[in-house]
2 protein chains.
Amino acid sequence: MGEFDLIAHYFQRPARRAALGIGDDCALLTPTPGHQLAISSDMLVSGRHFFADVDPNALGHKSLAVNLSDLAACGARPVAFTLALSLPHANESWLAPFSQGLLALADAFDCELIGGDTTQGPLNICITVFGEVPVAQGCSLALLRSGARAGDDLYVSGTLGDARLALDALLGKITLPAEILAVARQRLEMPTPRVALGVALRGVASAAIDVSDGLLGDLGHILKMSGVGATVQVGKATQLIATDPLFTWSREQFDAQTLASYRRTLALAGGDDYELLFTAAPDQRAAVAAAAQASQTPVTRIGQIDAASGLRLLDAQGQPVENTFVSFDHFG
Amino acid sequence: MGEFDLIAHYFQRPARRAALGIGDDCALLTPTPGHQLAISSDMLVSGRHFFADVDPNALGHKSLAVNLSDLAACGARPVAFTLALSLPHANESWLAPFSQGLLALADAFDCELIGGDTTQGPLNICITVFGEVPVAQGCSLALLRSGARAGDDLYVSGTLGDARLALDALLGKITLPAEILAVARQRLEMPTPRVALGVALRGVASAAIDVSDGLLGDLGHILKMSGVGATVQVGKATQLIATDPLFTWSREQFDAQTLASYRRTLALAGGDDYELLFTAAPDQRAAVAAAAQASQTPVTRIGQIDAASGLRLLDAQGQPVENTFVSFDHFG
């Protein structure tokens, strides 16, 4: 099967929102009047962002999910995406489940595949995603990294650290009971982009980012872009590890102090969480709660923004915790 | 140097057209009212689309040029692009010239780098480019592959086959004098996207495509999408090989018949030409000439569109030429 047949068979569907789907030199997209386009690109590389033997259906899901998560962090509604794919072989047994996982998530978010490229080479998945954000009275309603102000509350959505827990188990660094690995692995391989929450936080949150490299690392981007500092309640973050209540298994592998340190690493620097980390003024607490409820997404207040630069970590007793957590750097 | 420093150092510049440049979760782009967005993605892989030891400056140029060529084929004016880059190492001696070549072409076409991604992995360059096409009275002025009609003239811009000639020489298939290789190699490594011609052909051409996989292969896409056939004057195409007058070198390598066949392969199935192949009604000949002059781009009429399906090749004497030319398939 040649390149063009391959594309047509697995990815071509009737064009909906786009004036032209796959098959011309360009896709044509008509933006909704009064809206800005939010655009993000992510490239996923075998051995770096996923295991070479990962379930292709899950990989299709995750490839788009990490891009939708960027739209969520801007409060943008997904519209469309392009897919560029480098594959060692035009392997149908891989392409069929990959395209199923990808297009199932695309359909769930009404995000249309409008174009792309396919070539032979080491496995590489590059998706560029397009969303829309309304512009009201000349002002964009997009959530930015730069809007955090001293006194703002700091929130994170959903759960933290489970993806990293699964990764560590798959890398053989720890041993997990099968039923706990299954829960954690779901978070690693099938993350849920927080699109509904991002849209609901327009006009409510002062700044937002998605947690992809680890909570503290991504918080650092908000602090830098906003010119502020922050205090994080470490205990509130570690309580967000979904598999935490199941941690009895860990007693055989860790002493108490090592376990406490490992839990902090999972929550604060785990990475691959794809939750929203955001700030909002204290007078917006009811609005934040309403946005969480409207989007059916749990949200937890884990700290606050400070005028003083730098990052302060406090334990449950209000004592400082040393920040030894290093965020993931794709060239680290 | 970490990932974020790397991006900032070589690629970050003050945002111009975009509301947000590199450094937030998404770039924000405000489309011009009354315009559609034309979007195209191309992925370039080391060893497949370029030699691993290619001059990084030329590679930066070509990576964007092939994308701008897709915009040209739609008659779209370039606006912005994203760059996703997978690199084995964060190598400054490669990144500096690559970014220079890339951004020089971007500046020449007023096309702003608005976002992207950088990761470690096998060298892979994925660019998604955005252009604008006006919509007049509810009708897009974009050039499509599907608009060719029986009786239309068939045109190609610029020159053909020189990129393939250089490729064959670099692969050791033929031997070229240094001064001829230099001319041909320029066409292979530094193609000129025909953006001005594409824009000038809005409302004039009935269908268009850019020649990337070889003239006959790309013509096949127009014919299929338009439901028509075509007749191509082979001699008119082979006369477009820029280095053809220099072919005296070839007498040592080819007999006359082999040379004639090789020249046809170069022109009809060379690939990597990045010229525009387009159709226009015969009553548009003056308009086509005016578009060529306005864009300072030579244009040659090489055939016509037929109602009968299929492709007919004729030599200078009007005799049929057998079509043994296979276009480049990225999984071929």
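1. Two strands pair if DSSP finds at least two bridges between them; strands (E, at least two residues) and helices (H or I, at least four) are DSSP runs numbered from the N terminus. In this predicted model, local features need pLDDT of at least 70 and side-chain atom pairs count only at pLDDT 80 or more, while totals for chains, interfaces and linings use all residues. Residues are numbered from 1 along each chain as its sequence is written, with chains lettered from A and ligands numbered from 1 in the order in which they are written.

2. Opposite A:A27 stands B:I39 of β2(B).

3. The contact between chains (C-beta atoms, placed from the backbone, within 7 Å) draws 54 residues from chain A and 54 residues from chain B. On the chain B side, β2(B) gives the largest share, 9 residues. By class, that side has 26 nonpolar, 18 polar and 10 charged residues. Here Ala, Val, Leu, Ile, Met, Phe, Trp, Tyr, Cys and Pro count as nonpolar, Asp, Glu, Lys and Arg as charged, and the others, Gly among them, as polar.

4. Chain A is assigned domain 1 (3–140) and domain 2 (153–314), the bounds coming from an automatic or database domain assignment. Their C-alpha centres are 26 Å apart. Domain 1 of chain A puts 19 residues into the contact and domain 2 of chain A 18 residues.

5. On the domain 1 side, α2 (56–74) and β3 (77–87) of chain A each give two or more residues. The largest share, 12 residues, comes from α2(A). That side has 12 nonpolar, 3 polar and 4 charged residues.

Methods: Contact = placed C-beta atoms within 7 Å.
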